Amino acid sequence: MQYLILAAEDDAAFAARDDIERSAGYWESWQGYIAALTESGLLAGAGGLQPPWTASTVRVRDGRRTVQDGPYAETKEQLGGYFVIDAPDLDTALHWAERCPAAAYGSVEVRPLLPPPGA
Amino acid sequence: MTDTTAAVVDEVARTSYGRLVAYLASVTGDLAAAEDALGDALVAALTTWPERGVPERPESWLLTAARRTLIDAGRRRDVARAALPALARAMEERSEQLSGGVISDDRLRLMFACAHPAIAPAMRSPLILQAVLGLDAARLAPAFLVAPTTMGQRLVRAKAKIRDARVPFRVPERHELPERLDAVLDAVYAAYGTGWDDVDGLDEARRGLVPEAIRLARLLAELLPDEPEAHGLLALVLHSHARHDARRDASGDYVPLAEQDVSLWSRELIAEAEAHLARAMTGGRIGPYQLQAAIQSLHNRRSATGKTHWPAIAQLYDGLVRLAPTTGTAVARAAAHREVEGAAAALLLLDELTGEIGDDAVAGYQPYWVLRALCEHELGRTTAPEAASRAVALTTSPRVAAHLRRTLGPGQGT
């Protein structure tokens with residue numbers, strides 16, 4: 001069974017990525033997490049996202065496309081990255097969400113993926 | 001003939017429902033499907049058993065029928081086709097275990113799945129009560145103060161989450177217990193309370209709940225021997241249940257605790273309760289159930305000493321409201337202080353309570369109005385008749401209502 005682990009981070013965390021004093025610690029924590037996930041053999045996919053101000057949001061209404069600058073919802077925390085893991089149950093997925101660096105300063109959402117059709 | 005068979009089906013449903021659902025759900029991970037399959041099996045039993053006779057092992061029959069439904073449903077939905085042989089095999093194995101009577105802790109696994117931190121806290125206890133005792137949303141809604149349709153929708157959603165997010169059916173590790181045990185204990189106590197609130201025995205369906213709640217409380221204490229609160233809960237229900245035979249007089253009228261014939265209290269149950277309370281206390285972690293059990297223990301000591309030590313009871317309630325403040329506890333505490341310091345002191349505590357939680361919060365709470373009516377009656381307050389009529393109006397049991405009319409003076413709350 002696959003779960004999506006969504007890491008949400010706040011402005012301070014996004015800023016830390018390029019901050020001279022904080023960036024080393026920031027990236028180290030993520031590298032450690034990714035290494036541990038890889039070693040567990042559960043990792044099925046992952047991606048880090050550019051900061052929310054690089055986002056564009058598209059809507060089509062009555063056949064007309066509108067493009068909006070920014071993410072689909074303005075919230076204090078924004079999506080910073082995701083992981084797809086193969087886990088036997090929710091407790092295993094929650095365990096890996098707990099170890100995700102963003103859990104300590106932002107929030108981490110765990111969602112089961114729909115089973116692939118016909119599986 | 002049909003009536004007798006219906007009675008047998010009813011009996012099997014009452015005594016086996018929780019175990020069968022727990023076992024079916026823990027094999028499939030799908031609580032809603034397990035409930036549906038068992039429901040279908042019970043309906044099938046109602047039509048098949050009158051014709052062919054009640055099978056030798058009714059539980060195994062129901063299980064086989066439910067299993068067939070589950071496997072068919074799995075095939076139809078075309079879900080997890082590859083898992084079907086494994087499912088069938090697992091059920092075969094478990095079916096053998098069932099006949100050996102060793103699946104009792106499936107219920108524990110089910111209860112802990114319902115108490116999982118990923119389930120909304122307010123839904124954990126109702127979910128457990130539905131899963132293990134088969135109570136429907138209409139029965140659960142009033143106890144948890146929500147509308148039946150809301151309760152129904154929330155239960156459906158919670159069960160879908162257990163299935164779709166694959167909440168595991170397992171007894172948590174020691175370090176996870178504190179987070180999850182409370183909901184399980186609360187559900188078992190709610191099942192017990194829901195059972196004997198019905199002192200008139202008007203509602204047939206409720207009666208089965210008390211023995212089931214006691215069985216579950218025993219199971220928890222047995223399977224979690226190092227958890228003081230599990231022993232506390234068992235001590236509490238045993239102490240309360242020890243007074244069962246004294247709760248009604250020869251004509252079936254409700255007898256309040258103070259007027260009960262203590263010779264009718266069960267010495268065996270009291271002794272067993274005391275042993276579990278002592279066991280709980282050695283754990284060194286006090287909790288609300290241990291305190292409530294200690295309070296009931298003091299009440300039951302009257303059977304040995306002929307007296308009730310109210311100052312100690314009032315003191316335990318003082319501790320209980322600090323540890324687990326609920327409206328029920330606050331009212332019971334006021335009642336205890338009435339015994340020690342009188343009606344004026346109790347009224348002061350009731351006023352303090354409404355000052356904190358507001359008048360609306362107690363508007364529909366019967367014990368509050370009973371105590372208020374009693375205190376105001378004793379103090380000769382002009383508001384006493386109004387409180388009395390509210391108390392009587394909120395009483396669902398006709399016999400308890402009759403008792404209140406007698407106690408609070410003639411012409412009250414007609």
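Helices here are DSSP runs of H or I with at least four residues, and strands are DSSP runs of E with at least two. On that count, chain B has 21 helices and zero strands. Keep in mind that this is a predicted model.

**Chain B as a whole**

- Chain B runs to 414 residues, and 50% of them count as buried.
- Take the contacts in chain B with a separation of 6 or more: 63% of them are between residues 24 or more positions apart.
- The accessible surface of chain B is about 19,500 Å². Carbon and sulfur atoms own 53% of that surface.

**Where chain A meets chain B**

- Interface size is often quoted as the accessible area lost when the parts come together. For chain A and chain B, the buried area is about 800 Å², with 54% of it from carbon and sulfur atoms.
- Five residue pairs are in polar contact across this interface, with both residues at pLDDT 80 or more.
- Two salt bridges are counted between chain A and chain B. One of the salt bridges in the model that joins these chains pairs the side chains of B:R180 and A:D91, at 3.8 Å from N to O.

**A salt-bridge network that includes both chains**

- Side chains of opposite charge can pair when their charged atoms come close.
- Which residues are linked in a network of salt bridges? The members are A:D91, B:R170, B:E176 and B:R180.
- Start at B:R170, whose side chain meets that of B:E176 in a salt bridge of 3.1 Å, N to O.
- B:E176 also forms a salt bridge with B:R180, where the closest N and O atoms are 3.7 Å apart.
- Are B:E176 and B:R180 buried or exposed? Both are buried. For B:E176 the relative accessibility is 15%, and buried means under 20%.
- B:R170 has a relative accessible area of 23%, so B:R170 is partly exposed.

- Over all chains, the whole structure has 22 salt bridges.
- In one of them, B:R19 pairs with B:E59, and their closest N and O atoms sit 2.4 Å apart.
- Why does this pair tie together parts that are 40 residues apart in sequence? It does so because B:R19 lies in helix α1 (residues 2-28) of chain B, while B:E59 lies in helix α3 (residues 58-77) of chain B.
- B:E59 is buried, with a relative accessible area of 17%.

**A:E9, a buried charged residue in a strand**

- You'll find A:E9 in strand β1 (residues 2-9) of chain A.
- With a relative accessibility of 1%, A:E9 counts as buried.
- The side chain of A:E9 has a polar contact with the side chain of A:R17 at 3.3 Å. Another polar contact, of 2.8 Å, joins the side chains of A:E9 and A:Y26.
- Leaving out residues up to four places away in sequence, A:E9 touches A:F14, A:R17, A:Y26, A:W30, A:K76, A:E77, A:Q78, A:G80, A:A102 and A:Y105.

**Two residues with positive phi**

- Most residues other than glycine have a negative phi.
- A:D62 has a phi near 50 degrees, a positive value in a residue other than glycine. A:D62 sits in the loop between β3 (56-61) and β4 (64-69) of chain A, and at 80% relative accessibility A:D62 counts as exposed.
- B:R166 also has a positive phi, near 55 degrees, and is a residue other than glycine. Where does B:R166 lie? B:R166 is in the loop between α8 (148-164) and α9 (177-196) of chain B. At 38% relative accessibility, B:R166 counts as partly exposed.

How values were computed
Residues numbered from 1 in each chain as written. Chains lettered and ligands numbered in written order. Predicted model: local features only at pLDDT ≥ 70, side-chain atom pairs only at ≥ 80, totals over all residues. Heavy atoms only, no water. Buried < 20%, exposed > 50% of the residue type's maximum accessible area, 1.4 Å probe, protein only. Contact = heavy atoms within 4.5 Å. Areas by Shrake-Rupley, 256 points an atom, 1.4 Å probe, with all protein chains shown as cover. Buried area = accessible area lost by both parts, 1.4 Å probe. Salt bridge = Lys/Arg side-chain N within 4 Å of Asp/Glu carboxyl O. Polar contact = N/O pair within 3.5 Å; in protein donor to acceptor, adjacent residues only side chain to side chain.
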